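I opened the notebook to look up a few points of packing and confidence. The entries follow in the order in which I took them.

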Amino acid sequence: MFSFHGKPHFVVWRKKYFVLAAAVIFSTAIFAAINVPAAVSASVATRQLPIYCVERDQKVCSISFDAAWGADNTQRILDVLSKYNVKATFFVVGNWADQYPEQAKAIVDSGNELMNHSNAHDHYNSLPAEQIITDVNTCNDKIETLTGIRPTLIRCPFGEYDDHVISAIRSMGMEPIQWDVERYHTA
């Protein structure tokens, strides 16, 4: 009931108008329910990501290796890289550097980069930030002692990362690097 110029009036809806109004309200509710998650996710902070690739004008690629177990092929890899005048980045685990210090030195002596792949190859996603920082610093210290160069890049063990891992690494002034494969096709 509503009042129009002081006199009460009643609105009588026919069944078809009632059904139509209900359908409009229902459709609006469905639309809102579907779009609310998109609106909410748009307001959430962007996920932190490691570096996967870097835009370049030249046609180039970066080659990297992970050294975590064994060193049987290290010298052969260095020989092939040298033969073709190619430089690469070797991400090494601190424990590997402990076991194979001569190979670690040979990597740097051949003009290649030696960077961090953790100290003990733990699952960083399950570690608190303080423990990640300690692990990274331990590996950095080992590499710096062997080569005189402190790493600025890290490849997280198992390729695992989340926002807290990336934040911990960046708080140290380092950049996390992830692998990426891009294929270029020429016509």
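Against which helix and strands do the buried residues of H6 pack? I looked this up in what is a predicted model, and I found that they pack against helix H5 (129–147), strand S6 (153–154) and strand S7 (175–176).

I then noted which residues of H6, the helix of residues 163–170, are buried, and these are Val 165, Ile 166, Ala 168 and Ile 169. They cover an arc of only 160° around the axis, and therefore they lie on the same side of H6.

Next I turned to helix H2 (residues 74–83) and helix H4 (residues 101–109), which pack at an angle of about 5° with their axes 10 Å apart. Because angles under 35 degrees count as roughly parallel, I recorded H2 and H4 as roughly parallel to each other. On the H2 side the contact is made by Thr 74, Gln 75 and Leu 78, and on the H4 side by Gln 103, Ala 106 and Ile 107. Sorted by class, this contact of H2 with H4 has three nonpolar and three polar residues, with no charged residues.

Last, I checked confidence, and the protein chain has a mean pLDDT of 80, with 69% of its residues reaching 70 or more. Among the elements of the chain, H5 has the highest mean pLDDT (95), whereas strand S1 (residues 2–4) has the lowest (52). Over residues 183–187 pLDDT stays under 50, and for this stretch the model has one contact beyond four places in sequence.

Definitions and conventions:
Residues numbered from 1 in each chain as written. Predicted model: local features only at pLDDT ≥ 70, side-chain atom pairs only at ≥ 80, totals over all residues. Heavy atoms only, no water. Axes fitted to C-alpha atoms, helices over the stretch in contact; angles between N-to-C directions. Helix = DSSP H or I, 4+ residues; strand = E, 2+ residues; numbered from the N terminus. Parallel < 35°, antiparallel > 145°, perpendicular 65-115°, else oblique. Contact = heavy atoms within 4.5 Å. Nonpolar A, V, L, I, M, F, W, Y, C, P; charged D, E, K, R; others polar. Buried < 20%, exposed > 50% of the residue type's maximum accessible area, 1.4 Å probe, protein only. Arc of directions from axis to C-beta. pLDDT = per-residue confidence, 0-100.
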